[in-house]
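Subject: Structure handover

Hello,

Please find the structure below.

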Amino acid sequence: MKALTRKSNFELLRIVAMCMIILIHLSSAIDLTSFGLKGNIGTILGGTIVGICNIGPSCFCLISGYFGIKFSKQKLIKMELLMISFSLLETALLYWFFPQEMTGAALLEQLIKSIIPFASRKYWFYSCYLCLFIFSRFIQKFIEKLKEQELQIFIIVSLVIFSIFPTLFYFEIVQDSGKGIVQMVLLYIIGRYIRLYKNFPIARWKCLLALLFLWVINTISIMYPIHLGGITHSLCRDNSITNLAMTIILFYLFKDINITSKIINYLTINIFAVFALENSFTHICSGIIQQYGWGVQQPVIALFLLIAICIIIFIANVGIGAIRELFLSRLDQLIIQKIIYIYNGFLRRFIKHL
């Protein structure tokens, strides 16, 4: 199989997916009535945003599966070093802006989680992605051993158990609402399946109509969830079958876009910085907005303001990532070399004593 070149279409999808994540966090953190929205307009706007933006993490998994992950110890250590530094910076930012929230045990907990972000699951997506990264070679061998029909059956059965059942019946075997390793591995395998067997163009207008239809269904479900006893059920979970379908449709829409842009490619180089820092920036922005209030009153203007804030957060975090790379990349390489040297020495001694 010929190696694929990552063109700007997939990098653009990664930017869109990251902005979706920021936007959904913004809409959840900000009381939309602070924008001056009256009646149910704020609820409708929030439901519309969540109705599609919840597929952001899933898009990243699907892209990873489409291209495949190549494991390396250097990259593994590099990712952990990045997240430790960004996580410590996030803790510092929250302490600076919200000192009343970051005291005593809360501050100590944040510091501990910042030092061990993978093990502490401070960022659920990062911890699960690192697990996927570690086991990627074994997942790839599993995929290669299966014939196309066998892989189809595996995906269908997995979707029924881990997606369709929770969507229809609320209850789920893996109780993480799709924010876990099972969902991530399933999406990764679907991405590999598309690459190997379904890598063809599809009717764009049909995709757009299907995406719009599912978006409306999701929005209605979020605005009018099912209430039964202590259960509140909607389609806003990551593993809902509507969200999975929307992820796949959006992926196909971007897959055949012919675009090449150095700017787009550059913006995704430091995507880990955005992952790590966007939550603190969202928290800071929501505090500022709710303190002063924005009497815009128009939902369209409110949406554009949210998107503008989202873009500012994205670019600011990319800039922080670029600055970190400029000043700490050499230190990263020294630490990586030292850790690998210690690891190889330990491994040689261990094998010698077997």
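The sulfur of C19 lies 3.9 Å from the closest cysteine sulfur, that of C310, which is too far for a bond; a disulfide here means a pair of cysteine sulfur atoms within 2.5 Å. C19 counts as buried because its relative accessibility is 17% (buried is under 20% relative accessible area, exposed over 50%, partly exposed in between, with a 1.4 Å probe and protein chains only). C285 is in no disulfide either, the nearest cysteine sulfur being that of C310, 10 Å away. The search of the whole structure finds zero disulfides.

This is a predicted model, in which local features need pLDDT of at least 70 and side-chain atom pairs count only at pLDDT 80 or more, while totals for chains, interfaces and linings use all residues. Residues are numbered from 1 along each chain as its sequence is written, and side-chain values use heavy atoms, with hydrogens and water left out.

Next, the core. The largest nonpolar core has 85 residues (such a core is a set of buried Ala, Val, Leu, Ile, Met, Phe, Trp, Tyr and Cys residues joined through side-chain atoms within 4.5 Å). M18, I22, L26, F60, L250, F251 and F314 have the most contacts inside it. Helix α1 (residues 8-29) gives the largest share of this core, 12 residues; helices are DSSP runs of H or I, at least four residues, numbered from the N terminus. Apart from neighbours within four places in sequence, M18 is in contact (heavy atoms within 4.5 Å) with F60, I271, V274, F275, E278 and F314.

Then the spaces. Two cavities of 30 Å³ or more turn up in the whole structure. On a 1 Å grid over the protein atoms alone, a cavity is a set of points where a 1.4 Å probe fits but cannot get out, a pocket is an open set with protein on both sides within 12 Å along at least five of seven lines, and lining residues have an atom within 4 Å of a point. The largest cavity holds about 60 Å³ of space, and its lining is F162, E172, I173, V174, D176, G178, V182, Q183 and N239. The second largest cavity, of about 40 Å³, is lined by residues including W124, G178, Q183 and D238.

The second largest pocket has a volume of about 580 Å³. Of its 26 lining residues, H25, Y123, W124, E278 and N279 lie nearest its centre. Helix α13 (271-292) supplies the largest share of that lining, seven residues.

Regards

Note on methods:
Helix = DSSP H or I, 4+ residues; strand = E, 2+ residues; numbered from the N terminus. Points joined across faces, edges and corners; volume = space filled by probe spheres on them.
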